[in-house]
Amino acid sequence: MKRYYLLIGAAISALLITLTTTVSANPSVTAATADPNNWSIWGGNYTGQRYSKLNQINKDNVANLRPDWTFSTGVLRGHEGGPLVVGDMMFIHTPFPNKVFAIDQKDQSIIWKYEPKQDVSTIPVMCCDTVARGLAYADGKIFLQQADTTLVALDAKTGKKIWSVKNGDPKKGETNTNAPIVVKDKVLTGISGGEFGVRGFIVAYNIKDGSQAWKCYSTGPDAEMCMDPEKTTTWNGTDGGIKPVGKDSSLKSWKGDQWKIGGGTTWGWYTYDPDTNLMYYGSGNPSTWNPTVRPGDNKWSMTIWARDADTGMAKWVYQMTPHDEWDYDGINEMVLADIKVKGKDVKALVHFDRNGFGYTLDRITGEVLVAEKFDPAVNWASKVDMKTGRPIVVDKYSTDKNGVDVNSEGICPAALGSKDMQPSTYSPKTGLFYVPTNHVCMDYEPFEVEYVAGQPYVGATLSMFPAGKVTKDGTSNLGNFIAWDASEGKIKWSISEPFSVWSGALATAGDIVFYGTLEGYLKAIDSTTGKELYRFKTPSGIIGNVNTWSYNGKQYVGVLSGIGGWAGIGMAAGLEGDTDGLGAVGAYKKLSSYTQLGGVLTVFALPDSAIKKAQTETKKDVLVAVSTTASTTTAVK
């Protein structure tokens, strides 16, 4: 466990070396994420790029990859997220009851286990399976956001609970599924429950003792949203593009007090830019799913937020789907990357929304630079009007205009979006984003529903089906894995998959991209061409994130398998009706023919012979490079 204990020293070194960055970051997180041997935060680092500089496993040898060891979590239901690796230690989480295991990489022994005692009445108010998306690490602590809204700080060495704080009330429909992150001396987390009329918020707790530092809502009065009506800005393409949101921007967009049960929950992923001290995230759908009863834009649901990490004050906001009529949650990851956009260098934020549009924004100002469809089936809107920043809705697919008790047919994408929470990855080597997507459409029928605290507040019946054409053998694709050019908003290439690609992707310096499939395959593809280079079928369907790290000179790739989540809710919860699971069960019925329940971490590595060969070839390349350089220098003289 030597590397683990050296992290404190590494943190001090990082503080001295990168003063500018760590003024606005947590030194222990900065040090851990700077070492590619670790995987110490859900996205690899604060940017959420999910890119690794490790290249021992590369496109030339990945075909030799093999399972090295496995670990059963002992829990069924959907396993989202992935393990954290810090030094010699690995930390694994599970769905409800949210167990945490600390594993010694040396011999895969369990150093400690934490199993919280939670009320099982929490399960029925978890919308789309009992998933959890991961842990956070900082200052020798592991942070767990439990389903029952309890945020826990555990001693990373012993598993002893240091403190805990209650973040919500399951009796009101408030639950948690997100992975928290640590910024400076605060741990940031959100809330789930948009389908129960929960009012969304983001909150920061002091990591020392769990005391609340700030809390900011998605809807309501300016002060409660941590908005300055004169300084918080929003974007549209007219009148200079960026302007203040103005007084009562949210209140004016709701009927009466509907904002109090307005949704806009924050159960997705969070990223952070140390240079600007801004944290980024998305807010979800407005409540209820019946849009006719909540006229207006319903701000600030369905919004990209940039907030000051110290105070929570919103610097800018951009609402992607005003007056959402389809449950197109805006919670998907905000990937931070410095790229060229239409020939200009931009500090960008790239977001693949449930609504089917891929957005590229200036992450400093909030200006929208690109907004294009990343799935060709998208039909609810013709395009995003760059003069107003609003999508142009096609009347045929407007559930509001069609009205209550009218079944609007053939809407694409379905409510689970062209992409749900499964995070994308970005490779600075290729300049491309690699995106796991859904290729699913729906029929959507709103109906009247009354709000009762702790009871479902949905108000719509859905049926889902493939967007792809059915082939002669009766199959069709429910998913694609795409390479995306965020500077132009174009698909470079696409891989068709029989089911949605529900895993988090991973790009590496070895010129490969990993992703998992609902049938349970871990796949490796060439990052330039998309050619499949490797596949292995794990014990259950993969909805977890593929992560990579190195230990004792060997690179590993690990992924949690365990079918569930919204796509697999039929199997996870034993549902059978086509419209069950908020419409997902019918679309994914065939999944049970390919996989079964079960939570397992599978860890892959190259055989020692392949590693030695790669090391030999690297040495040869270095010698050739040195020889060539020497010859060139002599010739110049």
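Author: Five bridges join strand E22 (residues 344-352) to strand E23 (residues 357-362), and the two run antiparallel. Strands are DSSP runs of E of at least two residues, numbered from the N terminus, and two strands pair if DSSP finds at least two bridges between them. This is a predicted model, in which local features need pLDDT of at least 70, side-chain atom pairs count only at pLDDT 80 or more, and totals for chains, interfaces and linings use all residues. Residues are numbered from 1 along each chain as its sequence is written, and side-chain values use heavy atoms, with hydrogens and water left out.

Reader: Which residue in E23 is the bridge partner of His351?

Author: His351 has Tyr359 as its bridge partner there.

Reader: And what is the strand order of the open sheet?

Author: The order is E21-E22-E23-E24, with antiparallel pairing. Strands E21 (334-341) and E24 (368-373) are the edges, each pairing on one side only.

Reader: Turning to disulfides, how many are found?

Author: The search of the whole structure finds three, a disulfide being a pair of cysteine sulfur atoms within 2.5 Å. One of them joins Cys412 to Cys441, with S to S 2.0 Å.

Reader: Why is the disulfide of Cys412 and Cys441 right-handed?

Author: It is right-handed because the torsion about the S-S bond is about 100°.

Reader: Is Cys441 buried or exposed?

Author: Cys441 is buried, at a relative accessible area of 4%; buried means under 20%, exposed over 50%, and partly exposed in between (1.4 Å probe, protein chains only). Cys412 also counts as buried, at 8%.

Technical notes
Helices (H or I, at least four residues) and strands (E, at least two) are DSSP runs, numbered from the N terminus.
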